[in-house]
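Subject: A structure for you to look through

Hello,

I am passing on the structure we spoke about, and below it you will find my notes on what was found. Please keep the model open while you read, and look up each residue as it comes.

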Amino acid sequence: MKQSVNRPPTPDEDDVADGFEKDKVTLREIINVKLVESGEKENLMELVRDRLVECGWKDEMRIACREHVKKKGRKDVTVDELIRVITPKGRASVPDSVKAELLNRIQNFIVSAAL
């Protein structure tokens with residue numbers, strides 16, 4: 001904090017940025033609570049599951065897991081390692097159409113809920 005004799009302390013840029021991040025997280029939490037309370041979160045989860053199965057993403061991830069286990073050896077792979085290796089591939093390979101549909105549904109929910 002910077003201080004002056006004639007004015008109150010001015011927050012550092014880091015303090016302001018931290019405050020902004022806290023506000024962002026708070027908004028996310030509010031949206032999440034509203035989604036859960038309304039039951040819309042479960043609907044969105046089901047939508048994503050269905051879309052990922054339809055586009056073959058789930059099968060691709062199953063194959064990627066099996067290939068990793070085959071390469072490393074069944075006894076030498078832990079679930080934590082498998083998650084660590086496959087998660088980035090899985091997130092990167094979610095089709096843009098699925099992401100766009102989910103985002104659209106969330107935006108429509110926010111508008112209808114008047115958050």
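Let me begin with Leu-102, which is partly exposed because its relative accessible area is 25%, a value between the 20% under which a residue counts as buried and the 50% over which it counts as exposed. Please bear in mind throughout that this is a predicted model. Leu-102 belongs to helix α5, and, when its neighbours within four places in sequence are left aside, it is in contact with Leu-44 and Val-48.

The 18 residues of α5, at 1.5 Å a residue, should span 26 Å, and the C-alpha atoms at its ends are 25 Å apart, so the two values agree. Just after α5 comes Ala-114, which takes a positive phi of about 55 degrees.

Stepping back to the whole chain, you will find five helices and zero strands, so that the order of elements from the N terminus on can be written α-α-α-α-α. The protein chain has 115 residues, of which 17% count as buried. Among the contacts with a separation of 6 or more, 55% are accounted for by residues 24 or more positions apart.

Where is the largest pocket lined, and by which residues? Its lining consists of Leu-35, Lys-41, Leu-44, Met-45, Val-48, Arg-49, Leu-52, Leu-102 and Ile-106, and its volume is about 200 Å³. The elements that give two or more residues to this lining are α2 (40–54) and α5 (96–113), and the largest share, six residues, comes from α2. Sorted by class, the lining holds seven nonpolar residues and two charged ones, with no polar residue.

The next feature is the largest nonpolar core, which is made up of nine residues: Leu-52, Trp-57, Met-61, Ala-64, Val-77, Leu-82, Ile-86, Val-94 and Val-98. As background, nonpolar side chains in soluble globular proteins tend to be buried together.

Leu-82, leaving aside residues within four places in sequence, is in contact with Cys-65, His-68, Val-69 and Val-77. His-68, which has its place in helix α3, touches Val-77, Glu-81, Leu-82 and Val-85 when residues up to four places away in sequence are not counted. Is His-68 buried or exposed? It is buried, because its relative accessible area is 11%, which falls under the cut-off of 20%.

For a contrast within helix α3, please turn to Arg-62, which also has its place there. Arg-62 counts as partly exposed, because its relative accessibility is 37%, and so it lies between the cut-offs of 20% and 50%. The C-alpha atoms of Arg-62 and Ile-86 are separated by 9.6 Å, while the two residues are 24 residues apart along the chain.

With best wishes for your reading

Methods:
Residues numbered from 1 in each chain as written. Predicted model: local features only at pLDDT ≥ 70, side-chain atom pairs only at ≥ 80, totals over all residues. Heavy atoms only, no water. Core = buried A, V, L, I, M, F, W, Y, C linked by side-chain atoms within 4.5 Å. Buried < 20%, exposed > 50% of the residue type's maximum accessible area, 1.4 Å probe, protein only. Contact = heavy atoms within 4.5 Å. 1 Å grid on protein atoms, 1.4 Å probe; cavity = no way out; pocket = protein on both sides within 12 Å on 5 of 7 lines; lining within 4 Å. Points joined across faces, edges and corners; volume = space filled by probe spheres on them. Helix = DSSP H or I, 4+ residues; strand = E, 2+ residues; numbered from the N terminus. Nonpolar A, V, L, I, M, F, W, Y, C, P; charged D, E, K, R; others polar. Expected span 1.5 Å × (residues − 1).
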